[in-house]
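Have it open while you read.

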Amino acid sequence: MAGSQWELPPELCCRPMAFVALTGLDVTYNAVHRAIWDAFCVNRRADRVPISFKVLAGDHEYPKCRTKRTSYEWYIPKGILKTGWMNKHLNLVPALVVLFYELDWDDPQWKEKQSECATKVEIVRTSLQGRNTKVAVVLIQKKTPLPPGEDLVASERASSLCNACDLSGKSLFVLPHTDHLVGYIIRLENAFYEHAQTYYYTEIRRVKSHKEFLNKTTHQLLFVRHQFKIAFFSELKQDTQNALKYYRTAYSLVHELRAHETNMLEIKTMAGFINYKICRLCFQHNTPLDAIAQFRKHIDLCKKKIGSGDLAFEHNAWMSKQFQSFGELFDEAIKLGLTAIQTQNPGFYYQQAACYSQDRKLLAQQLCQAGAVCPAPDPLDTPTGGLDFYGQRPWRQGHQSIDPPDPEKERTGILALQIKERDVAHSELIIALLSNAVAQFKKYKCPRMKSHLMVQMGEEYYHAKDYTKALKLLDYVMCDYRTERWWGLLTAILTTALRCAYLMANVKDYMTYCMELLGRASTLKEEQKSRIEKNLFKVLKNEVPEAEPECEPSESSAAAALWKDRMALSGSNEVSMEVQDYIPFIQCKARFLAPSFHVDQPIQLQVFLRADCPHPVSFNKLSVSLSNQSYNQWCVVESGQDNMCLSPGKTSCFTFTFVAKTQDVGKKVEMTGIELMLGSRVFLSWRGAGGDAASAHEALQASRSSRPRRHGPEAWQEGDWDSLTIQHSTMIISRVPKISVQLSHQPPALNNEMYCITLTIQSQEEGVAREVRLTTGLKPGQDANLSQATHVTLDRAQVCDASDPALLPDIPLGDLNPGHKVEQRVYVRCVSTGPRVFLFHVAYSINTSVDGQEINCNCHKDETVSIETVEPFDVSAKFVSTKFEPLERVVVDIPFVLMTDLLSSSPWPLLLHSSSLQLVTMTTCTPQSQSQLEQVLLQTGECASECFCLQCPPSADGNGTVATGQYVVSWRRESSSLDTPLVHTTVPLPHILLENVPLYIHAELPSFGRVRETLPVRYHIENRTALVQQVEMAVEPSDAFMFSGLKQVRLHILPGAEQQMLYNYYPLMAGYQSLPQLNISLPRCPTTNTHTLRRFLPQRIFVKPQGRQLDDASIAAA
């Protein structure tokens, strides 16, 4: 069989489409014909009918049609399905032949061209040789045809042409070559598709008609063949439901065939073909579960049909192809919209295909003889170069009996197949399948399956002697196995990688894998580790290592020659190996002894080394790199010093000490790397403070252990390596200051006052504290608005303003001798309330000695204090009339009273110095006199009140709201000294509504009356307008008073003039009595009512009872 015998034929895998042959088109030299052909086949959309078009010559010879068999009585079939049958009906035998001919209805040479067209049709029919293929004619015309029935000439000539060509009217078409060519072509396609459907329906009926001539004794193969053909024709007809039904029947029939060694391959081949078709159609019908169930059934039925034991590898090859084909179908369905899941995806089928390919490889190695020579003549050659039937042997085609016809030919044929199998690149097949599986498992997020298959790919590359790719894959998966701590798997992978590195003579990789196989993660036995350690030391000495076991002798000798060349060339070249991402045989951990050191303390760091190999290891140099490279010189151990040898399983500690520089205060010192020199040219390096791929998990396990552990610098002496923690950095902090800072103040601070804070600094140093500096004020980092509302000064004589800063930096306080102290007062003015944090930063320098070195240390001490700022008092103001009645609005040019209340909210006594009004539009009715609050001492919760008589001058605008002004209070704390500046608190006064009245009326009357005594009351009525006002007045009667005067009167008052009305009231009852009410109306000012004018008059008066004369008798009685 052909070398690609296990590949499915392309005609089986493609989508069957109706084959239509187009003749009469010259697509090379005729532009019109070319445009017609392009319209048929270029840029076909998915919604167009499924047809396969091909341009053929008019006299093209189609495959000859066999003579129809009339009886199957003595017919013995030679096989199930011929190898060329599917291709014949897909590409060779058309369902419809279409003849294109240029002919217009009004062509002057109609008769001659009609005859020529009929001749061409006859030639096509002759070339088809009795097949049922349909024939159609398409007339290419230049003009657009008229609607049917309107062109009588066209109808007549169409009928004549059909008779001449022996065509039905449905087989003659007209194709106008106009702008709408594609539309006409699509209509033609639909008509062609209907003709093709009819053809395949006829073929199906023809095949079905053979069934009555068959018997199940000798024609079992024909039952399978016919069902397959009917199903295939149904697919060509696009009847996929019936196609699936017939394929299922064919599949059942193929497994009913009597299987033996000679026909086993043919049965499996046809079963595989039919299974492929069934699964493909199930996926096409969107029933993936049916496809999976069919495939599982197929595998269960066929997995034990091995056939000849000498060719057992063929069965594994066939099984591999079944899984691969199903995986490809599954993947194709997913691309078309099917949803797969993590536990059911194409990767599992590719993986199983790879497993069968691996079994095939092993069987081929066992069964195929290495020195065998292909017999002559080659039994695999056939006269035609191919097989007649799928799945048959080349040397016995058409043979269906149980025993082979020629045992000798059978043996030579099997030998030829074995020799051919020996030359197959099995590893390439396996790698391709594994690669497909890895891509699927990566897509569906199955990392462990992906890693497992990548290991297998690496091993296959190793067997294929592609060591570079093998190492690349194995290196990739080693990271995963280190992370998940699969030590046994990691060891196996490292062993394979070590062999690859040895055979490539890759020095660096070889040493890396040796070091890891010697480490604690390796599960190798001690003798294996000893051999590897011996080889590692040889490489360190520039010697050739011994060959790795399981390497072929020829490869080992070639590798030894490579190693000699490498050793000679490498010489003294340094090799640097980063081992932190591995698990090397030397473990390293480092730590600073404290997370921070004062600048006057020596910095100490420790490096711990531990060897896990079977034998002691010597090293020549150990160095630690720090972020500040100037310290690196103090962190080196060179050869010649003690303890340069690491004993197996024991921990060695190396301690380094250095003095920090004063300019590094506030900076972090980090370990950037640790380097260990093995031999004369190999350097092992760790990033940071050491550790490796497994140390983090080991430290976690140790922290969870219930076994008590010691902490601190001596913990390593117990040998508990896992309890050692890495401290990769330390902070250099300033020297501890030996001064005391005390603050004295009286909180809370009052808004706007000069708040005094007294700072006392006392030295406890043994030497002189030089250049003592104070930075004080608002602590940075608070609300930005606070810095605008806080001012700090040292001068108490001046009140702080906006020019004073919120923070005073570097205030020099001079030198401070031991035991002495210095005092400084700081004044803070806060112009808003709320809490504030104030900083007092005292810095100085002092000389000290560290490890015999004199250094100048800058020391500082910070003190912070949070101070709440509160308002000293609350001020409220209100407007009242001269009768002390509340006013909502004031009348222009009429006096009123402003009353202020000052309520102390300070916890400390306040001394009020003075108060004043700053008026805007108002004027005072009384001369400016001494403040009513002057020198008033106000305790917490006490209230001080003050009143002012004001009036709004006539020049002010009429009705509206006007500003009154400000109320200024000068004060200080009662406890503060006399020279302390006063605090001036300004309180804005509320706005007031103004009102203009046309008439102002007020009354003159005594402060009290007496019963039955005359009470004179004089009313003053003033006209405040520019018009003569008519005033109507009436006095209402009262039960408490009799009166004399005009009860009702009408007056005329000139502008600016005043009228007086006198009434004598005669009180009748004692006590507070309501005066008789005046009803006043202004006809010319209807908006002004009586109530508006009456508010200026007194409403009540106190009436005393009538007095009597006392005589002597009454006095004596009393």
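1. A word on classes before we start: Ala, Val, Leu, Ile, Met, Phe, Trp, Tyr, Cys and Pro count as nonpolar, Asp, Glu, Lys and Arg as charged, and the others, Gly among them, as polar. With that in hand, the lining of the second largest pocket divides into twelve nonpolar, five polar and six charged residues. Do keep in mind that this is a predicted model.

2. Staying with that second largest pocket, it holds about 670 Å³ of space. Its lining has 23 residues, and those nearest the centre are Ser881, Lys883, Leu887, Arg1095 and Phe1096. Strand S28 (889-891) and strand S38 (999-1004) are the elements that give two or more residues to this lining. Domain 5 (873-995) and domain 6 (999-1104) each contribute at least three residues to the lining.

3. Now the largest pocket, with about 990 Å³ of space. Of its 36 lining residues, Arg66, Lys82, Trp85, Lys88 and Lys229 lie nearest the centre. Helix H3 (85-92), helix H6 (181-208) and helix H7 (220-236) each give two or more residues to the lining. By class, that lining has 14 nonpolar, nine polar and 13 charged residues.

4. The largest cavity has about 140 Å³ of space, and among its 16 lining residues Leu265, Gly307, Ser308, Glu314 and Arg393 are the closest to its centre. H9 supplies the largest share of the lining, three residues. By class, the lining of the largest cavity has seven charged, five nonpolar and four polar residues.

5. Leu778 sits in strand S21 (residues 769-778). Is Leu778 buried or exposed? Its relative accessible area is 7%, so Leu778 falls under the 20% cut-off and is buried. Leaving out residues up to four places away in sequence, Leu778 touches Leu786, Ser787, Thr790, Ala806, Leu807, Arg836, Val837 and Phe838. The C-alpha atoms of Leu778 and Leu807 are 5.6 Å apart, with the two residues 29 apart along the chain.

Note on methods:
Residues numbered from 1 in each chain as written. Predicted model: local features only at pLDDT ≥ 70, side-chain atom pairs only at ≥ 80, totals over all residues. Heavy atoms only, no water. 1 Å grid on protein atoms, 1.4 Å probe; cavity = no way out; pocket = protein on both sides within 12 Å on 5 of 7 lines; lining within 4 Å. Points joined across faces, edges and corners; volume = space filled by probe spheres on them. Helix = DSSP H or I, 4+ residues; strand = E, 2+ residues; numbered from the N terminus. Buried < 20%, exposed > 50% of the residue type's maximum accessible area, 1.4 Å probe, protein only. Contact = heavy atoms within 4.5 Å. Domains from an automatic or database assignment.
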